[in-house]
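Biologist: Can you put the model up? I have some questions about how it is built.

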Amino acid sequence: MLLQLNQVSLSFAGNSVLDEVAFGVAAGRIQSLIGPNGAGKTSLFNVITGFYRPQRGEITFDGERLVKRKPHSVTRLGIARTFQNVRLFREMSVLENVMAGQHCRSRAGALAAVLRLPSQRAEERRIRETSLECLDFVGLADSQERLATNLAYGHQRRVEIARALATEPKLLLLDEPAAGLNGSEKEALVELIRRIRDERGIAVLLIEHDMSLVMSVSEHISVLDHGSLITEGTPQAVANDPRVIEAYLGQDDEELAL
Amino acid sequence: MTWYDSLLQQLADGLVLGSFYALVALGYTMVFGVIKLLNFAHGDLYMTGAFAGFGGLSLVSGVLGAGWLGIFVAMLLAMLAVGCLGVVIERIAYHPMLAAPRLSILITALAVSLVLQNAALSLTGGQYTAFRTDLGFGGLSLGNLFISYNQIVLVATAAVLMIALELFVSKTLYGRAMRAVAIDKDMCRMLGINVSAVIAITFFIGSGLAAAAGTMAGAYYGSIWYFMGFLIGLKAFTAAVIGGIGSITGAMLGGLILGLLESFGTHIPFIGSEWKDVFTFAILILVLVFKPTGLLGKSEVERM
């Protein structure tokens with residue numbers, strides 16, 4: 001397994017958020033993490049990426065232990081992420097946003113950068129080229145000079161993915177990438193996710209509520225409910241699992257009760 | 001002297017003053033950008049820079065003389081020393097407070113200011129120190145207008161520093177990172193940007209620019225003392241607010257505007273030079289009332 005979680009538990013002020021979660025993501029696999037609202041999916045992303053520190057459990061990625069690592073060190077190991085709400089640097093250009101993703105792959109130290117040594121210029125060129133290539137990959141090379149905040153919402157999501165790709169990950173975590181997209185944009189997203197895996201060999205783990213998208217793109221699905229992993233398997237197996245249906249129906253009941 | 005010559009003279013004097021304000025305001029605005037702190041110790045870094053420049057000049061004047069070359073080298077030494085001091089201050093005093101409420105770190109900044117001032121007070125006994133140089137009094141006479149070479153060199157040096165900063169911020173890896181950190185720190189961490197290193201660089205550059213201004217001011221006015229950073233700190237803050245705090249171009253613009261306003265303001269009939277500080281801070285109040293975001297500032301959107 002590229003990413004492996006073992007008995008990961010997280011709680012805030014005594015409230016259990018994740019309870020002994022254990023699952024893995026294989027290299028080069030497209031996998032989904034689903035579950036009702038409040039199941040702990042985004043918390044799990046935060047634990048993997050070093051934003052939250054679990055009270056118990058082990059997380060290994062590509063042979064390295066992740067717990068206690070800071071987010072930037074996790075990113076350097078090869079895990080990239082996008083967020084539920086688009087979080088681009090709004091007042092920076094589209095290309096600059098993607099270039100920020102390349103920062104962690106730069107070798108020149110801060111001193112060389114401040115002094116503008118020649119090695120630094122070569123590095124700047126390399127960063128620019130790699131970033132442009134990532135932007136081209138998501139189909140937005142034409143928008144490189146525009147301010148991120150001026151792009152259409154669907155395009156902003158793609159810039160975010162390009163920025164994540166620019167960190168040169170082995171695993172890409174997508175948090176509700178289809179939220180707010182229309183039908184054709186969703187189709188394009190599915191195609192993009194497949195190309196990320198097929199052409200770049202990057203494993204993808206996504207959180208998504210759009211079940212038809214999840215079913216069509218995933219090769220493996222893990223289901224989280226109330227902080228526990230209740231089942232996992234192929235899309236067909238998970239769709240027919242009574243525990244999954246119950247977890248979602250239970251949520252519907254609560255919503256009806258309101 | 002005609003009113004026209006007088007106007008030009010004020011313009012020249014205002015540019016010199018404005019250059020000092022702009023250089024100091026830049027540090028204010030950059031630090032505010034990356035950690036949202038009004039670094040009230042920043043004026044004292046300017047003072048420390050003046051003393052560091054003084055020390056640097058006494059080191060190099062034997063070889064390079066105490067003309068502009070010697071002062072220039074002393075200035076670079078002071079920038080380096082005070083830049084490092086700024087980084088140390090951030091590490092010791094501010095870094096542990098970054099997660100604390102903003103008021104705590106603001107009070108810490110006031111404490112740092114007092115520490116620097118009182119350290120300088122103990123070392124100098126509160127006396128003015130003469131900043132002796134071999135700068136001449138030559139200059140260009142254009143009719144009744146007189147611009148000294150010192151003024152020209154000073155404004156040019158400030159301009160070069162500001163252009164270099166602008167290029168650094170807009171074109172380089174760490175310049176981009178600095179802007180990104182100012183917008184969304186957590187996102188930067190996520191992207192593998194070493195935010196602490198970016199903050200350190202910001203303090204280094206901001207403090208270095210204050211030291212450059214301090215050294216030049218010491219050389220230009222001829223004396224330095226432990227309290228010299230207080231007023232310029234407040235005025236640089238005013239300049240940063242006029243320009244829009246957080247905006248680098250805004251700080252440059254705010255500094256120049258404030259310098260010019262002060263220079264012209266003292267020549268309005270019935271308002272003598274003893275009123276110039278009143279004039280400056282009245283402008284601050286007006287800006288805060290009518291355009292709190294400043295000339296180039298954007299209204300801050302608090303996000304979750």
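**Fold and core**

Modeller: In chain A, among contacts between residues at least 6 apart in sequence, 67% join residues at least 24 apart. Two residues are in contact if their C-beta atoms, placed from the backbone, lie within 7 Å. This is a predicted model: local features need pLDDT of at least 70, side-chain atom pairs count only at pLDDT 80 or more, and totals for chains, interfaces and linings use all residues. Residues are numbered from 1 along each chain as its sequence is written, with chains lettered from A and ligands numbered from 1 in the order written.

Biologist: What share of chain A is buried?

Modeller: Of its 258 residues, 43%. Buried means 20 or more other C-beta atoms within 10 Å of a residue's own C-beta, placed from the backbone.

Biologist: Switching to chain B, why is helix α6 largely enclosed?

Modeller: Eleven of the eleven residues of α6 (173–183) of chain B are buried, so the rest of the structure largely encloses it. Among them are B:Arg176 and B:Arg179.

Biologist: And the largest nonpolar core, which residues have the most contacts inside it?

Modeller: B:Ala22, B:Leu23 and B:Val24, in a core of 165 residues. Such a core is a set of buried Ala, Val, Leu, Ile, Met, Phe, Trp, Tyr and Cys residues joined through C-beta atoms within 7 Å.

Biologist: What does B:Leu23 touch?

Modeller: Not counting residues up to four places away in sequence, its contacts include B:Ala158, B:Leu161 and B:Leu209.

Conventions. A residue is buried if 20 or more other C-beta atoms lie within 10 Å of its own, exposed if 12 or fewer, and partly exposed in between; C-beta atoms are placed from the backbone. Helices (H or I, at least four residues) and strands (E, at least two) are DSSP runs, numbered from the N terminus.
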